[in-house]
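Please read them alongside the coordinates.

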Amino acid sequence: MIKMKTLWIVFALFSWSGCEKAQNIQGETSVSKVSEVKSDLAAPEFSELIKQNPDAVILDVRSPREFEASHIANAVNMDINGNFQSQVSQLDPSKPVFVYCLSGARSSAAVQILRNSGFTKIFHLQGGLMEWRYANLPETADKAMAKKSMTMGKYHKMLESDQLVLVDFYADWCAPCKKMEPYLKEISESMKDRVKVVRVDADANAELCKELKIGAIPVLHLYQNHKLVWENTGFVTKETVLEKINFH
């Protein structure tokens with residue numbers, strides 16, 4: 001009887017402790033609790049947690065040019081391809097850090113560096129600004145840069161052609177984009193009587209990409225008589241692109 005009673009007491013204590021922990025996680029949304037659950041967040045969660053932690057550091061790890069074009073409000077820019085490690089050492093590792101880039105690749109590398117540097121409360125924006133824009137969340141844009149970007153009206157005007165129009169959405173830092181660039185230039189020159197190739201910098205045309213729901217790069221859109229007849233996300237071979245062009 002003593003043993004059974006002891007077991008019941010232990011079981012009750014264990015159950016109470018587990019329930020209390022679950023209630024705390026469910027009822028609280030502070031960084032200390034959320035960090036126990038997950039650190040890779042979808043755009044709406046990322047945005048909401050930023051609002052709940054106004055003193056946290058919002059870290060944009062893209063290039064300065066990308067940052068100037070558009071960024072999340074109150075973010076600071078520390079280029080992952082610059083003097084990132086040195087800049088990170090100036091931050092307080094005990095404070096929460098919200099990290100993002102354009103698509104999530106560079107920020108994933110930044111998260112690892114932060115972890116190795118002793119940061120424990122790190123929150124990563126899955127899909128980067130592409131997903132942020134897809135979720136229709138606000139950004140702060142440099143007005144001068146915004147004026148230079150392509151509007152939806154200009155985009156549709158560009159599609160008014162008797163030729164096929166192949167639009168390449170790219171970024172300077174994107175490895176697959178760089179791999180595709182040479183053959184796209186070759187197609188532009190060798191097939192100029194049949195297809196017009198237009199390259200659109202996703203960083204410099206954030207609003208356009210948002211309106212077109214471009215959630216990743218590289219992206220190719222092929223238009224015929226102003227109608228989208230083929231699209232591709234991610235790396236694609238020259239042979240496939242030529243096949244699609246020759247089909248239409």
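How many helices and strands are there in the protein chain?

1. Overall composition. The protein chain contains 12 helices and 11 strands, where helices (H or I, at least four residues) and strands (E, at least two) are DSSP runs numbered from the N terminus. The model is a predicted one, in which local features need pLDDT of at least 70, side-chain atom pairs count only at pLDDT 80 or more, and totals for chains, interfaces and linings use all residues. Residues are numbered from 1 along each chain as its sequence is written, and side-chain values use heavy atoms, with hydrogens and water left out.

2. Burial and surface. Of the 248 residues of the protein chain, 42% are classed as buried; buried means under 20% relative accessible area, exposed over 50%, and partly exposed in between (1.4 Å probe, protein chains only). The chain exposes about 13,900 Å², of which carbon and sulfur atoms supply 54%. These areas come from the Shrake-Rupley method with a 1.4 Å probe, and for residues only the protein chains shown count as cover.

3. Contacts across the sequence. Among contacts (heavy atoms within 4.5 Å) in the protein chain with a separation of 6 or more, 70% join residues 24 or more positions apart.

4. Nonpolar cores. In soluble globular proteins, nonpolar side chains tend to be buried together. A nonpolar core here is a set of buried Ala, Val, Leu, Ile, Met, Phe, Trp, Tyr and Cys residues joined through side-chain atoms within 4.5 Å. The largest has 39 residues, and those with the most contacts inside it are Phe46, Ile72, Trp132, Tyr155, Val167, Phe169 and Ile217. Leaving aside residues up to four places away in sequence, Phe46 touches Leu41, Ile72, Phe98, Val99, Phe123, His124, Leu125 and Trp132. Another core, of 16 residues, lies apart from the largest one and includes Ile80, Ala110, Val111 and Leu114.

5. The open sheet. Which strands form it, and in what order? Four strands are arranged as β9-β8-β10-β11, with mixed pairing; two strands pair if DSSP finds at least two bridges between them. β9 (195–201) and β11 stand at the edges with a single partner strand each, so one side of each has no neighbour in the sheet. From one strand to the next, the twist averages 20 degrees.

6. Strand β8 (residues 164–170) runs antiparallel to β10, and 5 bridges join them. Phe169 stands opposite Val219 in β10; Phe169 is also among the residues with the most contacts inside the largest core. Helix α10 (residues 175–190) lies across β8, β9 and β10 and runs at about 150 degrees to β9. For such angles, axes are lines fitted to C-alpha atoms (for helices over the stretch in contact), and values run from 0 to 180 degrees between N-to-C directions.

7. Strand β2. Are the faces of strand β2 (residues 57–60) covered or uncovered? Both are covered: Val57 and Leu59 are buried on one side, and Ile58 and Asp60 are buried on the other. β2 pairs in the parallel sense with strand β5 (residues 97–100) over 4 bridges, and Val57 stands opposite Val97 in β5. β2 also pairs in the parallel sense with β4, over 2 bridges; there, the bridge partner of Leu59 is Val76 in β4.

8. Asp55. This residue lies in the loop between α3 (43–52) and β2. Asp55 is exposed because its relative accessible area is 69%. Asp55 and Val97 are 42 residues apart in sequence and 9.7 Å apart in space, C-alpha to C-alpha.

9. Backbone points to inspect. The peptide bond from Ile217 to Pro218 is cis, with omega near -5 degrees, and Pro218 is placed in the loop between α11 (206–211) and β10 (219–224). Asn74, in the loop between β3 (70–71) and β4 (76–77), has a positive phi near 70 degrees although it is not glycine; Asn74 counts as exposed at 70% relative accessibility. Asn225, in the loop between β10 and β11 (227–233), likewise has a positive phi, near 55 degrees, and counts as exposed at 63% relative accessibility.

10. Cysteines. The structure holds 0 disulfides, a disulfide being a pair of cysteine sulfur atoms within 2.5 Å. Cys101 counts as buried at 0% relative accessibility, and Cys209 is buried with a relative accessible area of 0%.
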